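Please go through the model below with its side chains displayed. The text after it is meant to be read alongside the coordinates.

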Amino acid sequence: MGALNFVQTIPEPALAPPSGRKTAGGFSTLFGGGANLLATLVFVAAIERGLPHLMAWAFAHGVWQGDGEACRDAGACWVFLRHKAPFILFGIYPEAQMWRPIAVVAMLAALTLWTMPRAHWNRSTLAAWGVGLVLAVALMAGGIAGLPPVPAASWGGLPVTLLMTVLSLAFGFPLGLALALARRSALPLIRYVAGGLVEVLRGVPVVTLLFAASFLAPLLLPETIRLENLTRALGVFTLVSAAYFCEVLRGGLQGVARGQWESAQALGLRSRDVLCVVILPQAVRKVLPPLTSTIIVVIKNTSLVMVVGLFDLVSAGRVVLNDPAWPMPYAETYLMVALVYFVICYGVARYSLHLEETLEEGRR
């Protein structure tokens, strides 16, 4: 019998590990294949046709100084934004007390920046947020420490947007977690009540809920209880954000293996510690992208408060356009409002990506 020549006696050469991401060259991305080529040509043609007109409107014929007369029959009226920016950003708040909404915005921005590093995620930071939010509302409302009182109807602009966002998220997240746990409860009554509440809040438009809170709340509440429009709108946004958080967190909780619960309970941990220390961090890590999307939706939904007469960024922009001394520069005003929203939402999205990368590295 001859020698067996199908048995490999020489080891295979070692190959380099595959790269983490597939990369494609710029040329093949733009012109590789018929669809890419067509999309590239359409994009280039749109830029070639539109960019010169946009540049001429924004810069060549743009008005940077002067008054409303200078903006008539001209390009972009940037000088309008220079005159009206304080009103768009801070609404009809009394001019003599304008330092108070500015301080509130600065304080919320500082707290956000302080909270971003994971090393600062502790009880002290949580307490700082609690004190900061109480101080922010007290500064806006006044009536203490010699500050003149300012009714909530006079608040407006960026402070209203930020306060509405932060407070609805702060109240909505724990409420959403409670609803998610209730929807996973073994008791049918609790499960059905939580499910019905979530489906109603998700199935009814936010605008309808705002109108209902604005017109029905005074009829349903006792005469001794009078809630400002701002408080009613905050209640609506809290409930809506809780409904969306509930479904996102419920998906994350379902993604955690049952053995994690059982192992933690076998170690003698209390149910609260099992949830907060073992289960919830894993669940949140699994659903970080949809959580980010929910937060961004909540931020943008705050612009709907204009339908109940509150002055957020969008409604403040609409009001300044009614000044007869200026030729209603809609595009410039809404570009400014859109830029503010974009900066906030883009910052949240980038921070979420950073968290995904760092949490993934920590798990390896």
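Predicted model: local features only at pLDDT ≥ 70, side-chain atom pairs only at ≥ 80, totals over all residues.

Residues are numbered from 1 along each chain as its sequence is written, and side-chain values use heavy atoms, with hydrogens and water left out.

In soluble globular proteins, nonpolar side chains tend to be buried together. A nonpolar core is here a set of buried Ala, Val, Leu, Ile, Met, Phe, Trp, Tyr and Cys residues joined through side-chain atoms within 4.5 Å. Buried stands for under 20% relative accessible area, exposed for over 50%, and partly exposed for values in between, with a 1.4 Å probe and protein chains only. The largest such core has 80 residues, and Trp 155 and Met 164 are those with the most contacts inside it. Helix α11 (residues 229-255) supplies the largest share of this core, 11 residues. Helices are DSSP runs of H or I with at least four residues, strands are runs of E with at least two, and both are numbered from the N terminus. A second, separate core has six residues, among them Phe 245, Val 248, Leu 291 and Val 298.

Which residues does Trp 155 touch, not counting residues up to four places away in sequence? With contact meaning heavy atoms within 4.5 Å, they are Tyr 93, Val 137, Met 140, Ala 141, Val 150, Val 160, Leu 163, Leu 230 and Phe 311.

The aromatic rings come next. A pair of aromatic rings is described by the distance of the centres and the angle of the planes. Rings of Phe, Tyr and Trp (its six-membered ring) pair if their centres lie within 6.5 Å; planes under 30 degrees apart count as stacked, over 60 as edge-to-face and the rest as tilted. The structure holds seven aromatic pairs. In one of them, the ring centres of Phe 173 and Phe 245 are 5.5 Å apart and the planes are at 70°, so the pair is edge-to-face. Because Phe 173 lies in helix α7 (residues 158-183) and Phe 245 in helix α11, this pair ties together parts that are 72 residues apart in sequence. Phe 173 is partly exposed, at 26% relative accessible area, whereas Phe 245 is buried at 2%. Elsewhere, one aromatic cluster is formed by Trp 57, Trp 64 and Trp 78.

A ring can also face a charge: NZ of Lys or CZ of Arg sits over a ring if it is within 6 Å of the ring centre and within 35 degrees of the ring normal. The charged end of Arg 191 sits in this way over the ring of Tyr 192, 5.4 Å from its centre.

How many disulfides does a search of the whole structure find? With a disulfide taken as a pair of cysteine sulfur atoms within 2.5 Å, the search finds one. Cys 71 and Cys 77 form it, with their sulfur atoms 2.0 Å apart. The angle about the S-S bond is 65°, and the link of Cys 71 and Cys 77 is right-handed. Both Cys 71 and Cys 77 are buried. Cys 246 is also buried, with a relative accessible area of 0%.

Two residues other than glycine have a positive phi. Asp 73, with phi near 60°, is found in the loop between α3 (68-71) and α4 (78-90) and is exposed at 87% relative accessibility. Ala 145 has a phi of about 55°; Ala 145 belongs to the loop between α6 (123-141) and α7 and is exposed, with a relative accessible area of 82%.

Ser 315 is in helix α15 (residues 313-320) and counts as buried at 7% relative accessibility. A polar atom of the Ser 315 side chain lies 2.8 Å from the backbone oxygen of Leu 310. Not counting residues up to four places away in sequence, Ser 315 touches Met 306 and Leu 310.

Pro 289, in helix α14 (residues 288-301), is partly exposed with a relative accessible area of 40%.

Notes: Polar contact = N/O pair within 3.5 Å; in protein donor to acceptor, adjacent residues only side chain to side chain.
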